[in-house]
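Look at the sequence and the structure below. The dialogue after them goes through some features one by one.

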Amino acid sequence: FSKIFSHEALESYLPKIQLVIKDTLRAWSSNPEPINVYHETQQLTFRMAIRVLLGFCIPDEELNRLFEVYQQFVENVFSLPVDLPFSGYRRGIRARETLQKGLEKAIQEKLQNTQGKDYADALDILIESGKEHGKELTMQELKDGTLELIFAAYATTASASTSLIMQLLKHPRVLEKLREELRSKGILHNGCICEGSLRLDNISSLHYLDCVIKEVLRLFTPISGGYRTVLQTFELDGFQIPKGWSVMYSIRDTHDTAPVFKDVDVFDPDRFGQGRSEDKDGRFHYLPFGGGVRTCLGKHLAKLFLKALAIELASTSRFELATRTFPKITLVPVVHPVDGLKVKFFGLDSNQNEILTGTDAMLGATV
């Protein structure tokens, strides 16, 4: 899987990611009603996985149906393994079977139609990598691989995307500082993203944007922790941990208690700036993607997606909270607002002015 997330691969994905995000924000802005951000970002990350990572040309109607089935699958992943009628386990198994049928059809169509491709997607790279290692991947292996890629790109990225939008709503000065950086780098001009300006090297040079994404992932790490297997018996704080045991490390507790972070409950992107660099003062104080040789393979793709989303939000979007107060946060199955975060997006005309009708003319808390 490592080649799927190489620098060259990310460079080829970027224009497609931008297109999916642009189309999604356009749809959000055309909706006269507030949207449920968490639900919509789930659809966005699912669409990104299908269209960009896997390169499937699935019609929108079929894509929406697959998304509904996929949600049933995800909701029942952690069910008790009791195979009874109407059990969550049975629903999850059925959803997976339906998904794999849809994926097999898409894979077969993809393998038969190789004309007109302008980039190598993750599935192409996976197939070629298998051949390089002398192994022709079976259809079952391809289905399992695609399902795993979708699963890895889905819930955690939707969680982080929702947290990003919520923090930009809460902190308009951060949003404005992002815009200032985009202007200074020649990416944003007169309210428009300059054509051809969003390349991987340009995005990598946006230091404040990087700080914002890091702080979102520190304060709102999508998952609580990870598992490791003990390779040799060791002792920790007077307790002996035997070889072969499974141990869980807590990302969230690490971020909350690490001494390098000051005012841990405060959203402060500048803590990662050059003057402070709080994440550099220790090896494992900051680990939103885990650590060591088993760190998340897709971390660079996830951060690239979040940065591309933040750039579009700062450049071409106007949005406001649609409720009186910000919702409470729940930590399961991944971090997300209890009500999904209700937000109203406003459409923009060609001059980047908001298109308002009726009561929408009252901008209120629009940032």
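Q: Is Asp263 buried or exposed?

A: First, the ground rules. This is a predicted model, in which local features need pLDDT of at least 70, side-chain atom pairs count only at pLDDT 80 or more, and totals for chains, interfaces and linings use all residues. Residues are numbered from 1 along each chain as its sequence is written, and side-chain values use heavy atoms, with hydrogens and water left out. Buried means under 20% relative accessible area, exposed over 50%, and partly exposed in between, with a 1.4 Å probe and protein chains only. Asp263 counts as exposed because its relative accessibility is 58%.

Q: Where is Asp263, and what is its phi?

A: Most residues other than glycine have a negative phi, and most peptide bonds are trans. Asp263 is not a glycine, yet has a positive phi of about 50 degrees. Asp263 is placed in the loop between α10 (251-257) and α11 (299-316). Helices here are DSSP runs (H or I, at least four residues), strands are DSSP runs too (E, at least two), and the numbering starts from the N terminus.

Q: Where is Leu341, and what is its phi?

A: Leu341 also is not a glycine and has a positive phi, of about 70 degrees. Leu341 is found in the loop between β10 and β11 (342-348). With a relative accessible area of 0%, Leu341 is buried.

Q: Which residues does a cis peptide bond join?

A: The bond is between Val332 and Pro333, and omega is about -5 degrees. Pro333 lies in the loop between β9 (329-330) and β10 (336-337).

Q: How do α4 and α6 pack?

A: Two packed helices are described by the angle between their axes and the distance between the axes. Axes are lines fitted to C-alpha atoms, for helices over the stretch in contact, and angles run from 0 to 180 degrees between N-to-C directions. For helix α4 (residues 88-112) and helix α6 (residues 139-170), the angle is about 110 degrees and the axes are 10 Å apart. That makes α4 roughly perpendicular to α6. The cut-offs are under 35 degrees for roughly parallel, over 145 for roughly antiparallel, 65 to 115 for roughly perpendicular, and oblique for the rest. Contact means heavy atoms within 4.5 Å. The contact includes Leu99, Leu103 and Ile107 of α4 and Leu142, Leu147 and Ile150 of α6.

Q: Into which classes do the residues of the contact of α4 with α6 divide?

A: Ala, Val, Leu, Ile, Met, Phe, Trp, Tyr, Cys and Pro count as nonpolar, Asp, Glu, Lys and Arg as charged, and the others, Gly among them, as polar. The contact of α4 with α6 has seven nonpolar, four polar and four charged residues.

Q: How do α3 and α4 pack?

A: Helix α3 (residues 60-75) and α4 pack at about 145 degrees, with their axes 8 Å apart. Their contact is made by residues including Leu66, Val69 and Phe73 of α3 and Gly92, Ala95 and Gly102 of α4. By class, there are six nonpolar, four polar and two charged residues in this contact.

Q: At what angle do α7 and α11 pack?

A: Helix α7 (residues 172-184) meets α11 at an angle of about 95 degrees, and their axes are 9 Å apart. The two helices are therefore roughly perpendicular to each other. On the α7 side, the contact is made by Leu175, Leu178, Arg179 and Leu182, and on the α11 side by Ile311, Leu313, Ala314 and Ser315. Six of these residues are nonpolar, one is polar and one is charged.

Q: Which residues touch the most other members of the largest nonpolar core?

A: A nonpolar core is a set of buried Ala, Val, Leu, Ile, Met, Phe, Trp, Tyr and Cys residues joined through side-chain atoms within 4.5 Å. In the largest one, of 100 residues, Tyr13 and Ile17 touch the most other members. The largest share of this core, 14 residues, comes from α6. Not counting residues up to four places away in sequence, Tyr13 touches Val52, Tyr119 and Leu301, among others.

Q: How many residues apart along the chain are Leu217 and Ala160?

A: They are 57 residues apart along the chain, and their C-alpha atoms are separated by 6.8 Å. Leu217 lies in helix α9 (residues 207-219) and is buried, with a relative accessible area of 3%.
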